[in-house]
Amino acid sequence: MRREVVLPLFLLCFFATDLLRTAHSIWLNLPPSGTKCVSEEIQTNVVVLADYVVVADHSHSPTFSIKVTSPYGNNLHHSENVTHGQFAFTTTEAGNYLVCFWLSDYKHEAGNEISVNLDWRTGIAAKDWESVAKKEKIEGVELELRKLEGAVEAIHENLLYLKDREADMRTVSERTNARVAWYSLMSLGVCIVASTLQILYLKRFFQKKKLI
């Protein structure tokens with residue numbers, strides 16, 4: 001293969017690897033009481049995979065509870081008194097998906113950090129590429145190109161989603177501006193009517209007093 005062919009393929013593979021970095025590893029320090037939450041805005045028909053595990057500085061591993069809810073409040077995952085676990089789902093609603101943690105065991109020693117590691121993967125990062133490679137018998141550059149194709153499709157879907165969101169926001173903004181304009185006109189009309197009535201009342205009052 002000639003050099004002018006190999007170089008573009010290498011660059012494509014490099015950018016594919018960069019585009020596939022949609023996994024998030026989050027460390028959360030849980031308070032003794034209360035809830036610690038993280039959220040991410042995700043569009044519809046996106047695969048979400050996550051693993052979570054408690055990390056403590058002492059031999060006793062405290063337990064915690066976790067709850068995952070959709071933008072409309074639907075319960076997608078709920079576990080109590082656990083030290084680790086995982087969840088997976090495909091989004092059916094567009095919006096902010098919320099993951100909340102809280103401690104189940106409050107008898108930990110003061111000063112010891114209690115943290116939870118959340119490995120959050122969405123979209124193309126959640127796809128099992130090893131299974132795809134074995135099933136379709138592809139490897140090397142061809143596999144990286146397939147990943148790049150998936151990344152480009154994901155970016156295109158995100159752009160369409162952002163375009164729809166921008167259109168919705170523009171519609172809401174136009175409606176709000178129209179309502180504000182009508183409210184301003186109504187307020188101006190009320191002020192004019194009130195001022196006219198006040199002038200007529202004062203004129204009539206002064207005429208009765210024979211001041212004018």
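Is Glu-41 buried, partly exposed or exposed? Select Glu-41 and you'll find that it is partly exposed, with a relative accessible area of 42% (buried means under 20%, exposed over 50%, partly exposed in between, using a 1.4 Å probe and protein chains only).

Before moving on, a word about the model. It is predicted, so local features need pLDDT of at least 70 and side-chain atom pairs count only at pLDDT 80 or more, while totals for chains, interfaces and linings use all residues. Residues are numbered from 1 along each chain as its sequence is written, and side-chain values use heavy atoms, leaving out hydrogens and water.

Arg-165 sits in helix H3 and Glu-41 in strand S2 (residues 36–42), 124 residues apart (helices, H or I, at least four residues, and strands, E, at least two, are DSSP runs numbered from the N terminus).

The structure holds three salt bridges, so let's visit another. Pick Arg-121 and Asp-51, whose closest N and O atoms are 2.7 Å apart. Arg-121 lies in strand S8 (residues 114–122) and Asp-51 in strand S3 (residues 47–56), so this pair ties together parts 70 residues apart in sequence.

Last stop: Tyr-201, in helix H3 (residues 141–208). Tyr-201 is exposed, at 56% relative accessible area.

Key. Salt bridge = Lys/Arg side-chain N within 4 Å of Asp/Glu carboxyl O.
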